[in-house]
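Me: I would like to learn how to read the features of a model. Please take me through this one.

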Amino acid sequence: MKIYSSTVARTPILEWIAAATGLLLLLFLLVAIGLDVVQGGSRVPPDIHIDVHTSVKAGERYLVTFDARNRGGASAAALEIEGQLTDQGRVIETSSSTIDYVSGHGTAQGGLYFEHDPSSLALRVRPMGYQAP
């Protein structure tokens with residue numbers, strides 16, 4: 001005589017939660033990759049915009065901090081930033097900074113030191129060039 005068990009093994013709830021979490025992560029990655037492909041991805045060259053913050057006295061000099069925001073898809077390495085202080089069109093002082101790396105759609109912070117007070121002069125900060133990483 002054979003005795004059959006009527007108990008059916010059930011999948012634990014924790015296993016269902018882990019599977020659902022994995023599925024959601026997979027879907028998120030597929031959507032992110034799809035959006036990158038549709039928007040041109042890293043084929044869009046770096047598009048650097050500089051947001052200047054206020055200047056502060058730093059010892060004997062003045063420090064102007066900034067954010068370098070990359071609106072393009074490709075990354076930029078060795079990003080050269082130049083700042084100029086001018087008075088009625090005449091260049092008074094120039095300072096430069098190099099940012100090692102700014103990812104596509106990323107932001108990096110930096111600073112420029114000046115001998116003259118930037119608050120009393122016209123300040124122009126701009127990206128000068130970069131290398132492809």
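**Reading the model**

Reply: Start at helix H1, residues 13-38, which holds Leu23. Helices (H or I, at least four residues) and strands (E, at least two) are DSSP runs, numbered from the N terminus. This is a predicted model: local features need pLDDT of at least 70, side-chain atom pairs count only at pLDDT 80 or more, and totals for chains, interfaces and linings use all residues. Residues are numbered from 1 along each chain as its sequence is written, and side-chain values use heavy atoms, with hydrogens and water left out.

Me: Which residues form a nonpolar patch on the surface?

Reply: A patch takes residues with over 30% relative accessible area and no salt bridge; nonpolar side chains (Val, Leu, Ile, Met, Phe, Trp, Tyr) are joined within 5 Å, like charges within 9 Å. Areas come from the Shrake-Rupley method with a 1.4 Å probe, and for residues only the protein chains shown count as cover. Here the patch is Leu23, Leu24, Leu26, Leu27 and Leu30. Together they have about 500 Å² of accessible area.

Me: What is the strand order in the open sheet?

Reply: Strands of a sheet pair through backbone hydrogen bonds, either parallel or antiparallel. Pairing requires that DSSP find at least two bridges between two strands. In this sheet three strands run in the order E4-E3-E6, with antiparallel pairing. Strand E4 (90-102) and strand E6 (122-131) are at the edges; each has a single partner strand, so one side of each lacks a neighbour in the sheet. From one strand to the next, the twist averages 20 degrees. Axes for such angles are lines fitted to C-alpha atoms, for helices over the stretch in contact; angles run from 0 to 180 degrees between N-to-C directions.

Me: How many bridges pair E3 and E4?

Reply: Strand E3 (residues 76-87) pairs with E4 over 11 bridges, in the antiparallel sense. Glu82 stands opposite Ser96 in E4.

Me: How many salt bridges are there?

Reply: Side chains of opposite charge can pair when their charged atoms come close. The rule asks for a side-chain nitrogen of Lys or Arg within 4 Å of a carboxyl oxygen of Asp or Glu. The count is two. In one, Arg69 meets Asp51, with the closest N and O atoms 3.2 Å apart. This pair links strand E2 (residues 61-70) to strand E1 (residues 48-58), 18 residues apart. Arg126 and Glu82 form a salt bridge at 3.0 Å between the closest N and O atoms. That pair joins strand E6 to strand E3, 44 residues apart.

Me: Is Glu82 buried or exposed?

Reply: Buried means under 20% relative accessible area, exposed over 50%, partly exposed in between (1.4 Å probe, protein chains only). Glu82 is at 14%, so it counts as buried.
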